[in-house]
Amino acid sequence: MALTKNKKVLDFVESSANLAQPNNIVWIDGSAAQIKALKEEAVKSGELIKLNENLLPDCYLHRTKVNDVARVEDRTFICTPKKEDAGPINYWMDPREARELTNEIARGSMKGRTMYVIPYSMGVVGSPFAKYGIEVTDSIYVVLNMNIMTRVGKKVLDAIGKNGDFIKGFHAKCDVDADKRYIMHFPEENSIVSVNSAYGGNVLLGKKCFALRIASYLGKNEGWMAEHMLILGVTYPDGEKKYVAAAFPSACGKTNLAMLIPPKHYLEKGFKIECVGDDIAWIRVGKDGRLWAVNPENGFFGVAPGTNEHSNYNALESTKRGTIFTNVALNTDNMTVWWEGLSKELPEHCIDWTGKPWNSEKFDKHDKSTCAAHPNSRFTAPAENCPCVSPDFNSKEGVPLSAIIFGGRRASTTPLVYQSRDWNHGVFIGSAMSSETTAAATGATGVLRHDPMAMKPFAGYHMGDYFKHWIDMGAKVKNPPKIFNVNWFRQDADGNFMWPGFGDNMRVLEWILKRCGDSPIDAEETAIGYVPKAEDIDISELDYNIAEGKPFTLDSLKEILTVDKEKWSKEAEEIEAYYNNSIKDRIPQELWDCLATLKANCYVAPVAEKPAKKAAAKKPAAKTADKKPAAKKAPAKTAAKKTTAKK
Ligand code: OXD
Ligand code: MN
């Protein structure tokens, strides 16, 4: 029975049903009884496997089809009436054509099936940040994941009210046919359509589709920001709290940073990290002239491989109850789960993510095809499970940001940390981000690509306009957060990581926040921005590399803080080529100015020549392609600390 009188909701449900022709329609009211019954039904049909109730209470395993394991960027479209509004780095389709195509695919696809209607809220229901959506789907897996990742049920329909608006989301599994898979966004119609997939990032429509692509478009029009960022709080020994948001591309360690456990001597002093969010931040200007952020989600859709009690104790604890695992391995000895990096010991009897018995003798950690768990296997865990979840997690106002951090996987060039000269320069740094690709999206991994603000796959409109929106937002805030860039992934000539990462990133966070107060600590001004004086980063009790006889010293730190002008001069050319050849137009002048400054700062006069003129960035294209050769594969980390590459 319909749970609302809102005509727009009823019309949307009716038109979806007319198209997909399900046998029946079930409204998700959010009650525990309904969710329990759906889990039982999914176990009966084999869609979910019930795990050991004593060891992993209320936890389930789901396997996707082998052709459906990651986001599909080349089948994800922004459907604006004018192609140029989607911009040159989004895939675009004419909205009418997109509707016709997906209607054709979805027509009658739910015959003999049930269509579930999920009312959900991104953000705390009733808060000023909250936005509502209705997703219709023929997948119980989607219902159960949405129930973890968002706030669902009747309370959302009550908040939408009789006349309120919402984002329409239509999902149909169809035949999970990769050739007919489409993830369509209609920003001007507040609508999303997803067909022929059942993988989270393509079908949990509240997440990437709504909370980033559609929300970034809404944010541009309404004066706020939707960003691919974690949010964390640092509590100081005297009880003071400061908050940071950080953007890293998918599977580059956002969840690890958001739940970091500081080194022992920080803990002893009373420092604490609390997690507000691990993937998405909605950011608004507060009455006090600062930027305030909320995490619109209610759970974590985290990458499983590499997660263990050392790399991310808090994430692992979060998965111990009420969690849905996707494409991890099943340990049949005790009906629990396993993935590469969970433990050193390999399970004796195990079914791999494709459902076949796994032969651990053939396992080669350098060959992904021998893995028991898919490299992009996931856990969907309730945020309330997380031991370090912030008491501000459900705050209606959000948290005030002291710093914004950008970061990517860069084997060279980018120092461990540096700070922008001001807001606009920070926007430039974000716009120039590049990182090696990961298994979170289909396609080759380990290839360096530009990923501005970690939003390349998620900005719902023209990237040049998105940069402009950042510039405009900066002009609106009296006390903007300071902007930084970090790189945990710098490698030495032998391909070893030069910084331990994980909990030790606390040392960098501490420096960042010391730069944000009323009387910031000093820093070195360099060609690219402010870099720490090495002595100002606490490296006490850092045991990195000791086992290899190369302990981490001040000189090691100095090495990863170096700014090599020659490399940066090449980087500047690369950025200019990216602007000219990929983004092409609508790049704000402020960013061209920052690029010109970078080029001038990195100019190295040829030896024995007269002083040369300063180089200036100009629009005419340098003809470099937006591609670099695949970065050298990172071998396992040093013997001092064996870690996975998601720090
Ligand atoms: C994610 C992603 O799932 O970025 O968060 O792919
Ligand atoms: Mn993400």
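Let's start with one residue: Glu317 sits in helix α11 (residues 313-318), where helices are DSSP runs of H or I of at least four residues, strands are runs of E of at least two, and both are numbered from the N terminus. Glu317 is partly exposed, with a relative accessible area of 24%; buried means under 20%, exposed over 50% and partly exposed in between, using a 1.4 Å probe and protein chains only. Leaving aside residues up to four places away in sequence, Glu317 touches Asn385 and Pro387, a contact being heavy atoms within 4.5 Å. The Glu317 side chain also makes a polar contact of 3.0 Å with the side chain of Lys320. Such a contact is a pair of N or O atoms within 3.5 Å; within protein, one must be able to donate a hydrogen and the other to accept it, and residues adjacent in sequence count only if both atoms are side-chain atoms. Lys514 is 197 residues away from Glu317 in sequence, and their C-alpha atoms are 31 Å apart.

## About the model

This is a predicted model, in which local features need pLDDT of at least 70 and side-chain atom pairs count only at pLDDT 80 or more, while totals for chains, interfaces and linings use all residues. Residues are numbered from 1 along each chain as its sequence is written, chains are lettered from A and ligands numbered from 1 in the order in which they are written, and side-chain values use heavy atoms, with hydrogens and water left out.

## The manganese site

Which residues hold the manganese ion (ligand 2) as protein donors? They are Lys208 through NZ, His228 through NE2 and Asp279 through OD, lying 2.1 to 2.2 Å from the ion. Donors here are N, O and S atoms within 2.8 Å of the metal (3.2 Å for Na, K and Ca), and since water is not among the atoms, sites may look incomplete. Along the sequence the donor residues follow the spacing K-x19-H-x50-D. His228 lies in the loop between β12 (225-227) and β13 (229-235), and Asp279 in the loop between β15 (272-277) and β16 (281-285), so this pair ties together parts that are 51 residues apart in sequence. Both His228 and Asp279 are buried.

## Ligand 1

Ligand 1 has Arg71, Lys207, Lys208, His228, Ser250, Asp279, Phe301, Arg378, Ala440 and Phe458 around it, each having a heavy atom within 4 Å of the ligand. Polar side-chain atoms approach its oxygen atoms at 2.9 Å from Arg71, 2.9 Å from Lys208 and 2.5 Å from Ser250. The protein covers 96% of the 210 Å² of accessible area that ligand 1 has on its own; these areas come from the Shrake-Rupley method with a 1.4 Å probe, and for residues only the protein chains shown count as cover.

Seven of the seven residues of β13 are buried, so the strand is largely enclosed by the rest of the structure. In a regular strand the side chains alternate between the two faces of the sheet. In β13, Met229, Ile231, Gly233 and Thr235 are on one side, with Leu230, Leu232 and Val234 on the other.

Strands count as paired if DSSP finds at least two bridges between them. Seven bridges link β13 to the antiparallel strand β14 (residues 241-247), with Met229 opposite Ala247. These two strands form a hairpin with five residues between them, and Gly239 in the turn has a positive phi of about 95 degrees. β13 also runs antiparallel to β15, joined by five bridges, and here Val234 stands opposite Ile273.

## Strand β17 and its partners

β17 (residues 291-294) points Leu291 and Ala293 one way and Trp292 and Val294 the other, and all are buried. Four bridges join β17 to antiparallel β16, where Trp282 stands opposite Val294. The hairpin of β16 and β17 has five residues between the strands, and Gly289 takes a positive phi near 80 degrees. Two bridges pair β17 with strand β24 (residues 399-407), again antiparallel, and Ala293 has Val399 as its bridge partner.

## Helix α12

How many of the nine residues of α12 (residues 423-431) are buried? Eight are, so to speak, under cover: Trp423, His425, Gly426, Val427, Phe428, Ile429, Gly430 and Ser431. At the start of α12, a side-chain oxygen of Asp422 reaches to within 3.3 Å of the backbone nitrogen of Asn424.
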